[in-house]
Protein chains: 2
Amino acid sequence: MLAIGIDLGGTNIKAALVDREKGILNQTSIPTEADRGRNHVLDQLAHVAKDVAGNHDGIIGIGMGSPGIISLDRTTVSNPPNLPGWDVVPISAELKERTGWDCRVENDANLAALGSARFGVGKEISDFIMVTLGTGVGGGIIYNNFLYRGATGGAAELGHVIIDYNGPFCNSPAQGAIEGYLGQRFLSKRAWDIIKNHSENPLYSTFKDNHEDLDPLALFNAAEEGNQIAIDILADAGEKLGIAIVNYIHVLDIRKVIISGGVAKAGKYIINPAKDAALKRLLNPFKSDFDIVYEHLGNEAAILGAASLAFESLTE
Amino acid sequence: MLAIGIDLGGTNIKAALVDREKGILNQTSIPTEADRGRNHVLDQLAHVAKDVAGNHDGIIGIGMGSPGIISLDRTTVSNPPNLPGWDVVPISAELKERTGWDCRVENDANLAALGSARFGVGKEISDFIMVTLGTGVGGGIIYNNFLYRGATGGAAELGHVIIDYNGPFCNSPAQGAIEGYLGQRFLSKRAWDIIKNHSENPLYSTFKDNHEDLDPLALFNAAEEGNQIAIDILADAGEKLGIAIVNYIHVLDIRKVIISGGVAKAGKYIINPAKDAALKRLLNPFKSDFDIVYEHLGNEAAILGAASLAFESLTE
C-alpha cells in the first residue's frame with residue numbers, strides 16, 4: 001500500500017512516496033514560496049505530490065503535516081504561522097480538486113510521533129511521549145498505539161508546559177515554559193550569555209561575531225572536545241527538559257520519552273542530565289520503565305508519520 | 001440497576017447502595033480500624049457492603065475507591081499509605097470470597113472524576129480535568145466520557161506537577177509541585193507564615209494557639225468578612241493553581257476543569273484568581289471554552305464514581 005507524505009513548512013515543502021511496509025520509496029523538497037500567497041502554495045503542494053507519485057498505482061491518498069491549528073476532522077488548517085494570508089484553508093478539498101487524491105492533515109509534531117511509532121524507535125512501544133527539540137519545542141503523545149489528540153485535536157503543546165512561573169518567556173504567554181529554555185534560539189542565547197564572559201574559551205573566539213550560530217551541534221562538538229562550559233550548558237538544558245518530562249509523566253502516566261529534532265543533536269549531553277533530573281523528581285511508581293531515547297529518523301519521521309496518517313484514515 | 005460504592009480511607013470506610021438512575025439510596029460510614037490489620041479491614045469492607053445492600057435484589061457488584069497503586073485490571077491494590085501491612089492485596093478476590101459479589105477498584109481521585117461525569121456537573125461535559133483539593137492534591141481525567149488511565153492506570157497525579165523547580169517540597173520528590181502550595185497542610189502553613197506577622201489581623205488572635213486549624217474554610221469565612229490578608233492568601237493559592245492548570249491543558253487539550261475537595265471550599269476566592277492566572281498564560285487557541293467550575297457533590301462524588309465503575313465494568 002502506498003501513500004504520499006508531505007511536510008509543509010514555512011520555507012520548504014518536503015514530500016515522499018511511502019510504502020507501508022518498506023518506508024520511503026522516493027522523496028523531494030521544493031521551496032514553499034509562502035510570500036506568493038496561499039493559492040501558489042496549494043499549487044506547490046499539488047505539484048510535489050504528483051511529482052513523487054510518478055506513475056505508481058495504488059496510492060491511497062495524501063497525509064500532510066502542517067503548522068497552524070488543525071480541525072478535529074483533519075481536513076482544515078487555520079492561521080498557520082509563517083504562511084501569510086492563509087486564514088482558514090479547507091486543505092483536503094483544495095488538494096482533492098488539484099490532484100484527485102483525498103488528504104488528511106495533522107500537526108507536524110504529532111506526525112513525528114506517529115512516524116516514530118510506525119517506522120522508528122517507537123515501533124516497539126505502545127505508549128510514548130515524543131518531544132521535538134527544534135526551533136520550538138513540540139510534541140506528540142502515542143497512547144495505546146495511536147495519537148492522543150485531546151478534546152479538539154490540539155494536545156501535546158509540550159513546549160508550553162511551565163517549569164518556573166517566574167522564568168523566561170518564549171514566544172508564548174506561558175512564562176517559564178520549557179521552550180524558553182530549550183527552543184533553539186533561546187538555548188543559543190542562554191549559551192552565549194555565559195560564554196561571552198569567558199573569552200578564554202574556544203567557543204568565544206569562534207562565535208563572538210556570529211553568536212546566533214552557537215547552536216546545539218556546535219555545543220555538542222565542543223563538549224566532545226572536553227569543553228566544560230559547553231558540557232555545563234547542555235547539562236543545564238537537559239535538567240530543565242527532565243523537569244518538564246516529570247510534568248508530562250505525572251499527568252499522562254506514559255513513561256517512555258522519545259527525543260527528536262535539531263537540539264536533540266546534542267545527544268547524551270542533554271539526555272543523560274534529563275534522565276537524572278527526572279528520576280530525582282518522579283514519584284516512585286513512575287520510575288520503573290522510565291526511559292528517554294533518541295529517534296534517529298530525523299526529518300523523515302514527520303513525512304513517514306504523514307503517510308501513516310493517510311494509511312490509517314483513508315481507504316482506497 | 002444497583003451497585004455498591006465504597007470509599008476506603010485510612011480513617012473511615014464510606015459505602016452506599018447506588019441506583020444507576022436515582023443515585024444514592026442509602027449510605028453508611030464505619031471506622032476503618034486500619035491498625036487491626038488487613039484481614040480486619042477486609043472484613044469491615046465486606047460488612048459495610050452487606051449492610052448497605054440490605055435485602056435489595058439485582059446488585060451488580062462492588063466498585064471501590066482506594067489509596068495505593070491499583071493494578072491495570074482493577075482487582076489488586078499495592079502499598080496503600082495509611083493501611084499498614086497491606087503490601088499487595090488481591091482485593092477483588094478477597095471481597096468475592098467474603099460477599100459473593102465481584103469487585104473492581106480504582107484510585108479515589110479518578111472515581112471522584114467518574115462520579116462527577118455520571119452524577120455531577122461533569123454530566124454535560126465529555127472531556128474534563130477534575131482537580132481534588134484536599135489533604136493532598138489529586139486528580140482524574142475524563143476523555144471522551146471515560147477515564148483516561150495512562151499506560152499502567154496511574155495517570156493524573158496532578159498534585160505532583162511542578163510549577164517552580166526551585167519551589168517548596170510537598171510529600172514527594174517533585175520539588176515545587178502544586179501540592180506544596182495547595183495541599184491543605186501546606187496552604188495552612190503558608191497562611192500562618194503571613195498572618196503571624198500581622199497581630200492586628202483577627203485571624204491572628206483566633207489561630208495563634210492552633211494555627212494548624214487555619215484551614216481554607218476559615219480563610220474563606222475571613223475573606224467573606226472582607227479580611228484582605230485572607231483574600232490575598234487565597235488569591236495567591238488560586239494563581240498557583242491556575243499555573244498548574246495551564247500545564248494540564250497544554251498537555252491534554254482538555255479545557256474544562258472541575259474543582260472538588262476541602263480546599264475548594266474557599267470557592268470563588270481561589271477559583272477566580274485561578275481563572276485569571278490561567279487565561280494570562282494559556283496559548284490563544286486554548287482560551288476558548290476554557291472554564292473552571294466547582295463540583296458540589298463533595299465526598300459523594302467518589303462513592304458515586306465507585307458505583308459507576310461497577311456499572312461499567314461488571315455484568316450481572
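Helix α7(A) passes α8(A) in a left-handed crossing. This is a predicted model. The axes of the two helices come within 7 Å and cross at roughly 130 degrees. α7(A) and α8(A) are therefore oblique to each other. In chain B, helices α3(B) and α11(B) pack at an angle of about 80 degrees. Chain B superposes on chain A by a rotation of 180 degrees.

**Helices α7 and α8 of chain A**

- α7(A) covers residues 216-224, and α8(A) covers residues 228-252.
- From α7(A), the contact draws on L219(A), F220(A), A222(A) and A223(A).
- These meet A230(A), I231(A), I233(A) and L234(A) of α8(A).
- By class, this contact has eight nonpolar residues, with no polar and no charged ones.

- Which residues of α7(A) are buried? They are P216(A), A218(A), L219(A), F220(A), A222(A) and A223(A).
- L219(A), F220(A), A222(A) and A223(A) are buried, and these four residues also take part in the contact with α8(A).
- The buried residues of α7(A) pack against α8 and also against α5 (184-195), α6 (202-207) and α9 (268-281) of chain A.
- Just after α7(A) comes G226(A), with a positive phi of about 90 degrees.

**Helices α3 and α11 of chain B**

- α3(B) spans residues 108-119, and α11(B) spans residues 300-313.
- Their axes lie 6 Å apart.
- At about 80 degrees, α3(B) and α11(B) are therefore roughly perpendicular to each other.
- On the α3(B) side, the contact is made by D108(B), L111(B), A112(B), L114(B), G115(B), R118(B) and F119(B).
- On the α11(B) side, the partners are A301(B), A302(B), L304(B), G305(B), A306(B), S308(B), L309(B) and E312(B).
- By class, the contact of α3(B) with α11(B) has nine nonpolar, three polar and three charged residues.

**How the two chains are arranged**

- How many degrees of rotation superpose chain B on chain A? The rotation is 180 degrees, with 0.0 Å of shift along its axis and an RMSD of 0.0 Å.
- The two copies are thus related as by a two-fold rotation axis.
- In chain B, the C-alpha nearest this axis belongs to D164(B), and it lies 1.9 Å away.
- Of the interface residues of chain B, 100% are also interface residues in chain A, so the copies meet through the same surface.

Terms used:
Residues numbered from 1 in each chain as written. Chains lettered and ligands numbered in written order. Predicted model: local features only at pLDDT ≥ 70, side-chain atom pairs only at ≥ 80, totals over all residues. Heavy atoms only, no water. Least-squares fit on C-alpha atoms with pLDDT ≥ 70 in both. Contact = heavy atoms within 4.5 Å. Axes fitted to C-alpha atoms, helices over the stretch in contact; angles between N-to-C directions. Parallel < 35°, antiparallel > 145°, perpendicular 65-115°, else oblique. Left-handed = near helix turned anticlockwise from the far one by under 90°. Nonpolar A, V, L, I, M, F, W, Y, C, P; charged D, E, K, R; others polar. Buried < 20%, exposed > 50% of the residue type's maximum accessible area, 1.4 Å probe, protein only.
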